[in-house]
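Here is a short report on one protein chain. Please look at the sequence and the structure first.

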Amino acid sequence: MKEKIEERIKELKGEFENGQKILEDLDAKRAGLNQTLLRISGAIQALEELMPEENVPEQ
């Protein structure tokens with residue numbers, strides 16, 4: 001009985017470590033995606049500011 005419990009603990013620890021690695025990878029991907037979205041947002045804002053105003057009356 002003790003051997004079965006020890007084996008199960010070992011399996012669960014392995015699964016736990018794998019889960020932690022996956023979570024770390026996902027956190028890194030999320031951080032990278034956030035940076036990409038910030039750059040895209042900045043580019044959109046910059047391009048919108050460069051567009052000529054269409055509602056400005058000409059003199």
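## Exposure

A residue counts as buried when its relative accessible area is under 20%, and as exposed when that area is over 50%. Values in between count as partly exposed. By this cut-off, 0% of the 59 residues of the chain are buried. The model is a predicted one.

The accessible surface of the chain is about 6200 Å². Carbon and sulfur atoms hold 57% of that area.

## Fold and dimensions

Along the principal axes, the C-alpha atoms fill a box of roughly 90 × 15 × 5 Å. Take Ile5 and Leu50, which lie 45 residues apart along the chain. Their C-alpha atoms are separated by 67 Å. Ile5 has its place in helix H1. Its relative accessibility is 46%, so Ile5 counts as partly exposed.

## Charges and salt bridges

The chain carries 9 positive and 14 negative charges.

Side chains of opposite charge can pair when their charged atoms come close. How many salt bridges are there? The count is two.

One joins Lys2 and Glu6. The closest N and O atoms of this pair are 4.0 Å apart. Lys2 and Glu6 are four residues apart in helix H1, so about one helical turn separates them. Lys2 is exposed, because its relative accessibility is 62%. Glu6 is partly exposed, with a relative accessible area of 44%.

A salt bridge also links Arg8 and Glu11, with 3.2 Å between the closest N and O atoms. Arg8 and Glu11 are three residues apart in helix H1, and so are also separated by about one helical turn. Both partners count as partly exposed: Arg8 has 41% relative accessibility, and Glu11 has a relative accessible area of 37%.

Terms used. Residues numbered from 1 in each chain as written. Predicted model: local features only at pLDDT ≥ 70, side-chain atom pairs only at ≥ 80, totals over all residues. Heavy atoms only, no water. Buried < 20%, exposed > 50% of the residue type's maximum accessible area, 1.4 Å probe, protein only. Areas by Shrake-Rupley, 256 points an atom, 1.4 Å probe, with all protein chains shown as cover. Lys, Arg positive; Asp, Glu negative; His and termini not counted. Charge placed at Lys NZ, Arg CZ, Asp CG, Glu CD. Helix = DSSP H or I, 4+ residues; strand = E, 2+ residues; numbered from the N terminus. Salt bridge = Lys/Arg side-chain N within 4 Å of Asp/Glu carboxyl O.
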